[in-house]
Amino acid sequence: MFNQKIVASLGKSSMIRAMFEAGARLKAEYGEENVFDFSLGNPEIEPPVQVQETIRKYVNSQTPGLHYYMNNAGYQDVRAKVAEYLQKKSGVPLTHDNILMVCGAAAGMNVTLKALLNPGEEVIVLSPFFVEYLSYIDNADGKPVIVKTEKDTFQIDVEAVKNSITPKTKGIILNSPNNPTGVVYSRESLERLRGAIEEKEKEFGTSIFILSDEPYVSIVYDGIELPNMLSVFKNCIVINSFSKSHALPGERIGYVAVSSRIDDVETLMAAMITLNRTLGFVNAPALFQKVVAENLDVAVDTAFYQEKRDILYNHITSVGFECVKPSGAFYLFMKSPIEDEVEFCATAQKYNLLIVPGSGFGCPGYVRIAYCYDTAMIKRSLDAFTKLAREYGLI
Ligand code: PLP
């Protein structure tokens, strides 16, 4: 009766739903403060003070036209500010014509994929990955091609990507800092990837686009270098959002920056602007475009997340769990001590620990721990991780 494909896919989201229900049950039974819920990447942090002040300024503003319809690409002055900001960072010439304001990275990805893909064209996704990518590619009638990252380091396996490129490859999604691993891709691997792409483009006479999904770009630790994707890749489209950097996920605001180095960039931009309208987003929220344009250089305090990473990473590795040390974002991707990580997550629930199986991110054998939560809760949870390690004979 309803859309069969969507109805059939509903079962797949049951893992997160089951987790949510388990959390509610445990909290009712043991009390909120005794349940350690690391399941969702929904940060418990308020937007920076400057951002809150700018919001108040625009809410109180009597400037006429602030709430009108606008160009589907967004306010021109806002796009110009974003372009200037990114040009300074990348060295790539950009104007407002290269910027599309969107309803968060999710909308940006959908608009970009739909503008790029003809039915059946392929998009390479590196696993583990943010699972929504598969739906976004499907929405654009594309075909995901999943390529594993390097074992244990989760860095790009350039040879494997190269071997997966076919004449139908239209795009490669990169997400660094990464959800779910927290890994930042090294400059060396990105430059090798560029070489591999150029070789394949020559061989097949095609253009392959990098879709750089960057919601965590301002959450990086230990002074690690985060290479600028626009400067590394010629056919680069950056999809960014203010959900994490400015703690504004509910406001649905982000941008897509399309490199001026792309051939016929004008047609691509025109397609994306049209799609922003026809996919039903119409334009990014008016007030929040103005708010973020005045706060491009602002971001949540990285120390807020780094403290949590350090407490958790130091503890879980000290009790024998294996985990690559995250360089960014706010996730740990821990190796399950048994092959069946779904069973491991079920066992963790005995200690009121809610963690998510890696198979939900295309990477069985691991679990994701989202640590964007209250530090006091993280500290209270450490004993539960110790007990879990003991149960598996790690200590
Ligand atoms: N991409 C990644 C890797 C994410 O983790 C998320 C949200 O968690 C998104 C995209 C979507 O972000 P937004 O809120 O900007 O749509």
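Mentor: In this predicted model, valine 319 touches Phe385, Thr386, Ala389, Leu394 and Ile395, once residues up to four places away in sequence are set aside. Valine 319 itself lies in the loop between helix H12 (302-318) and strand S9 (331-335).

Trainee: Why is valine 319 called buried?

Mentor: Valine 319 has a relative accessibility of 6%, and the word buried is used for values under 20%. Since 6% falls under that cut-off, valine 319 counts as buried.

Trainee: What is the spacing between valine 319 and aspartate 138, in sequence and in space?

Mentor: Valine 319 and aspartate 138 are 181 residues apart along the sequence, and their C-alpha atoms are 41 Å apart in space.

Trainee: How do you know whether phenylalanine 2 is buried or exposed?

Mentor: Phenylalanine 2 has a relative accessible area of 61%, and exposed is the word for values over 50%, so phenylalanine 2 is exposed. Phenylalanine 2 lies in the segment before helix H1 (4-9). Together with Met1, Ile6, Val7 and Leu10, Phe2 forms a nonpolar patch on the surface, and these residues have about 610 Å² of accessible area together.

Trainee: What makes alanine 83 a buried residue?

Mentor: The relative accessibility of alanine 83 is 1%, which is under the 20% cut-off, and therefore alanine 83 counts as buried. Alanine 83 has its place in helix H4 and, leaving aside neighbours within four places in sequence, is in contact with Leu94, Thr95, His96 and Ile99.

Trainee: Which helix comes within 9 Å of helix H4, axis to axis?

Mentor: The axis of helix H4 (residues 76-90) comes within 9 Å of the axis of helix H11 (residues 286-293), and the two cross at roughly 35°. The contact is made by Asp77, Val78 and Lys81 on the H4 side and by Gln289, Lys290 and Ala293 on the H11 side. The crossing of H4 and H11 is left-handed.

Trainee: Why does threonine 112 count as buried?

Mentor: Threonine 112 has a relative accessibility of 0%, which lies under 20%, so threonine 112 counts as buried. Threonine 112 is in helix H5 (residues 104-116), and with neighbours within four places in sequence left aside, threonine 112 is in contact with Leu211, Ile237, Ile239, Val256 and Met272.

Trainee: Why is the pair of glutamate 225 and arginine 187 called a salt bridge?

Mentor: Side chains of opposite charge can pair when their charged atoms come close. The closest N and O atoms of glutamate 225 and arginine 187 are 2.8 Å apart, and the cut-off is within 4 Å, so the pair is a salt bridge. The pair links distant parts of the chain, with glutamate 225 in the loop between strand S6 (209-213) and helix H9 (229-232) and arginine 187 in helix H8 (residues 187-204), 38 residues apart. Arg187, Glu191 and Glu225 are linked in a network of salt bridges.

Trainee: How many salt bridges does the count come to?

Mentor: By this rule the count comes to 17 salt bridges.

Key. Residues are numbered from 1 along each chain as its sequence is written. This is a predicted model: local features need pLDDT of at least 70, side-chain atom pairs count only at pLDDT 80 or more; totals for chains, interfaces and linings use all residues. Side-chain values use heavy atoms; hydrogens and water are left out. Patches are made of residues with over 30% relative accessible area and no salt bridge: like charges are joined within 9 Å, nonpolar side chains (Val, Leu, Ile, Met, Phe, Trp, Tyr) within 5 Å. Accessible areas come from the Shrake-Rupley method with a 1.4 Å probe; for residues, only the protein chains shown count as cover. A salt bridge is a side-chain nitrogen of Lys or Arg within 4 Å of a carboxyl oxygen of Asp or Glu. Helices (H or I, at least four residues) and strands (E, at least two) are DSSP runs, numbered from the N terminus. Buried means under 20% relative accessible area, exposed over 50%, partly exposed in between (1.4 Å probe, protein chains only). Axes are lines fitted to C-alpha atoms, for helices over the stretch in contact, and angles run from 0 to 180 degrees between N-to-C directions. A crossing is left-handed if the near helix is turned anticlockwise from the far one by less than a right angle, and right-handed if clockwise. Contact means heavy atoms within 4.5 Å.
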